[in-house]
Amino acid sequence: MTDEYLTIGDLAKATGVATSAVRYWEQLGLLPAPERVSGQRRYPAAAVNQVALVLLLREVGFTLREIRTLVAARETDPGAWQAMYRRKLAELDERISQAQVARTALAHGLACPHGESVFECANFTAAVSARVAGLPLREAHEHVH
């Protein structure tokens with residue numbers, strides 16, 4: 001490893017990302033194409049930050065496709081990230097809401113007096129029937145409770 005450039009192995013080691021992921025992200029345009037020295041990739045030290053950016057955006061819920069759009073928009077429409085962040089925040093709020101409903105349903109199942117078999121519980125059976133009727137979990141659970 002030189003002070004200025006990293007091999008793909010050095011970049012992978014510095015970021016904890018597999019070399020195959022680095023190559024894939026490069027193909028997707030998430031990372032700029034590196035220089036080549038004797039056929040080997042040579043990444044500028046700034047590539048560590050670019051990989052960290054991709055990791056952070058994945059951790060907050062963006063898909064690689066969305067990250068590609070964000071990276072591309074950075075050059076052409078610097079304000080586009082705000083709209084994408086708002087959409088992702090709304091998506092996460094919905095997923096959190098769904099997870100809370102699922103958690104409540106599971107907690108009710110554990111508190112059911114038919115502890116040996118929730119399948120014998122009238123509320124559980126009613127919730128299953130509500131799902132068969134097309135109600136989403138939230139409405140099926142509210143219908144029963």
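Where is Phe124 found? The residue sits in helix α6, which covers residues 122–132; helices here are DSSP runs of H or I with at least four residues, strands are runs of E with at least two, and both are numbered from the N terminus. This is a predicted model, so local features need pLDDT of at least 70 and side-chain atom pairs count only at pLDDT 80 or more, while totals for chains, interfaces and linings use all residues. Residues are numbered from 1 along each chain as its sequence is written, and side-chain values use heavy atoms, with hydrogens and water left out.

Back to Phe124: its relative accessibility is 30%, so it counts as partly exposed (buried means under 20% relative accessible area, exposed over 50%, partly exposed in between, with a 1.4 Å probe and protein chains only). Together with Phe119, Val128 and Val132, Phe124 makes up a nonpolar surface patch with about 420 Å² of accessible area. Patches take residues with over 30% relative accessible area and no salt bridge, joining like charges within 9 Å and nonpolar side chains (Val, Leu, Ile, Met, Phe, Trp, Tyr) within 5 Å. A salt bridge is a side-chain nitrogen of Lys or Arg within 4 Å of a carboxyl oxygen of Asp or Glu. The areas come from the Shrake-Rupley method with a 1.4 Å probe, and for residues only the protein chains shown count as cover.

Now for the sheet. Three strands make an open sheet in the order β1-β3-β2, with antiparallel pairing; β1 and β2 are the edge strands, each pairing on one side only. Two strands pair if DSSP finds at least two bridges between them. Strand β1 (residues 5–6) is joined to β3 (residues 40–44) by two bridges, and Tyr5 has Pro44 as its bridge partner. Between β2 (residues 35–37) and β3 there are three bridges; here Glu35 partners Arg42, and Arg36 stands opposite Arg41.

β2 and β3 also form a hairpin with two residues between them. Ser38, in the loop between these strands, has a phi near 55°, a positive value in a residue other than glycine. Most residues other than glycine have a negative phi. Ser38 is exposed, with a relative accessible area of 78%.

What about the inside? The largest nonpolar core has 21 residues, and those touching the most other members are Leu11, Val22, Trp25, Leu30, Tyr43, Leu64 and Ile67. Such a core is a set of buried Ala, Val, Leu, Ile, Met, Phe, Trp, Tyr and Cys residues joined through side-chain atoms within 4.5 Å. Helices α1 (8–15), α2 (19–28), α3 (47–59) and α4 (64–76) each supply at least two of its residues. Tyr43 has contacts (heavy atoms within 4.5 Å) that include Tyr5, Leu11, Val22 and Pro34, leaving aside residues up to four places away in sequence.

Gln50 belongs to helix α3 and is buried, at 13% relative accessible area.

Finally, Ala90 lies in helix α5 (residues 80–111) and is partly exposed, at 46% relative accessibility. Ala90 and Ala140 are 50 residues apart in sequence, with 23 Å between their C-alpha atoms.
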